[in-house]
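Hi everyone, thanks for making the time this morning. Let me put the sequence and the model up on the screen, and then I'll talk you through a few spots.

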Amino acid sequence: MFNIGDIQLKNRVVLAPMAGVCNSAFRLTVKEFGAGLVCAEMVSDKAILFNNARTMDMLYIDEREKPLSLQIFGGEKETLVEAAKFVDKNTTADIIDINMGCPVPKITKCDAGAKWLLDPDKIYDMVSAVTDAVDKPVTVKMRIGWDDQHIFAVKNAQAVEKAGGQAVAVHGRTRVQMYEGTADWAIIKEVKESVGIPVIGNGDVETPQDAQRMLDETGVDGVMIGRAALGNPWMIYRTVHYLETGELISEPSVREKMDVCKLHLDRLVALKGEKTAVREMRKHAAWYLKGIRGHAIVRNAVNTTETRDEIVNLLDEFTLQAESKEQSSIQAG
């Protein structure tokens, strides 16, 4: 366990904030698999201040998700502060996180996200303005640098700490790398050794063993899991269990995967309505199906569905077929 400000996390495993993914339906599902902290997808400071309907919906929090970190982004101090104050007073989020890692051009062109990585002074100025304005703990998620020539991870993390930030999550890639190449854990270790606030490591944690190795090699306080949890909340559960006991739990069965996929679907329908939920669930279903033999046909079929029942029927049929093939294989053996 470790604390972020006065918020205690029950374990060292954190769900990363992923745009277009980490809504309440997904977060709650992952939370039930044991995540110590779940992070909401980033929201625009200006969209909050404009009371944008879609953005307001993104601020919804199910109390069962908590503790929860809600992430905001922006490039101007005044609007970022006002958005943080809104989140502080009008949501039940436990932590306010500032995004300074998003690499996509539409974000960086607004002097937001990873653009901050080039200027430790701006980081101090922006983060200190936010921490002065809110009561909730403020954290930052960042990358190690903009490119190989501009890796200011240590200075940036120190600026966050000096400004009153209560923790920093570090993705071991540069902005230029996007999501390619290898995460540099050595720089994450340097960050951990340079600050006194908790550091959460992120990048290339694909198995429970990877999580343990990151903790051992970098000394970080927590491990943030992102893409490895897509369609695979068992990654969270298996990692928590492995870190606590050293025991590696087996992968779930096809039926277990499809049952959770359907639960996720129903939560998404309740959250966003059937039409939107079905459209969004297509990518999630593909993630749940990934790695299962013969999944391509049902994945393609799911991509043409329009209703909740169509998806459920396809998944149920796939489960029965998979179990029948498995039984036949056992009998043949």
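Some housekeeping before that. This is a predicted model, so to speak of local features I need pLDDT of at least 70, side-chain atom pairs count only at pLDDT 80 or more, and totals for chains, interfaces and linings use all residues. Residues are numbered from 1 along each chain as its sequence is written, and side-chain values use heavy atoms, with hydrogens and water left out.

Let's start with helix α1, residues 24–31. Helices here are DSSP runs of H or I with at least four residues, strands are runs of E with at least two, and both are numbered from the N terminus. How many of the residues of α1 are buried? It is 8 of the 8, so α1 is largely enclosed by the rest of the structure. Buried means under 20% relative accessible area, exposed means over 50%, and partly exposed is in between, using a 1.4 Å probe and protein chains only. Among the buried residues are Phe26, Arg27 and Lys31. The cover over the buried residues of α1 includes β3, β4, β6 (68–73), α10, α11 and α12.

Now look at Asn23, in the loop between β3 (13–15) and α1. Asn23 counts as buried, at 6% relative accessibility. At the start of α1, a side-chain oxygen of Asn23 comes to within 3.2 Å of the backbone nitrogen of Ala25. The backbone nitrogen of Phe26 also lies 3.2 Å from a polar atom of the Asn23 side chain. For a polar contact I take a pair of N or O atoms within 3.5 Å; within protein, one must be able to donate a hydrogen and the other to accept it, and residues adjacent in sequence count only if both atoms are side-chain atoms.

What does Asn23 touch, not counting residues up to four places away in sequence? The list is Glu41, Leu268, Leu271, Lys272 and Glu280, where contact means heavy atoms within 4.5 Å. Asn23 and Met58 are 35 residues apart in sequence, and their C-alpha atoms are 6.7 Å apart in space.

Both of those residues turn up again in the second largest pocket, which holds about 310 Å³ of space. It is lined by 14 residues, and the closest to its centre are Asn23, Asp57, Met58, Lys272 and Glu280. At least two lining residues come from each of α1, α3 (53–58), α11 (254–272) and α12 (274–289), and α3 gives the largest share, 3 residues.

Points are joined across faces, edges and corners, and a volume is the space filled by probe spheres set on them.

On to cavities: there is 1 of 30 Å³ or more. The largest cavity has a volume of about 90 Å³. Of its 16 lining residues, Asp97, Thr139, Ala169, Ile200 and Met224 are the closest to the centre. Two or more lining residues come from each of β4, β7 (95–100), β8 (138–145) and β9 (167–174).

Next, rings. The count is 1 aromatic pair. That pair is Phe33 and Trp234, edge-to-face, at 5.2 Å centre to centre with 70 degrees between the planes. Rings of Phe, Tyr and Trp (its six-membered ring) pair if their centres lie within 6.5 Å; planes under 30 degrees apart are stacked, over 60 edge-to-face, and the rest tilted. Phe33 sits in the loop between α1 and β4 (37–39) and Trp234 in helix α10 (residues 234–245), so the pair ties together parts 201 residues apart in sequence. Both Phe33 and Trp234 are buried.

Two charges sit over rings: Arg143 over the face of Tyr179, at 5.0 Å from the ring centre, and Lys162 over the face of Tyr124, at 5.3 Å. The rule asks for NZ of Lys or CZ of Arg within 6 Å of the ring centre and within 35 degrees of the ring normal.

Last stop, Thr319 in helix α14 (residues 308–332). Thr319 is buried, with a relative accessible area of 3%, and its side chain reaches the backbone oxygen of Leu315 at 2.8 Å. Leaving aside neighbours within four places in sequence, Thr319 is in contact with Val254, Arg255 and Met258.

Key. 1 Å grid on protein atoms, 1.4 Å probe; cavity = no way out; pocket = protein on both sides within 12 Å on 5 of 7 lines; lining within 4 Å.
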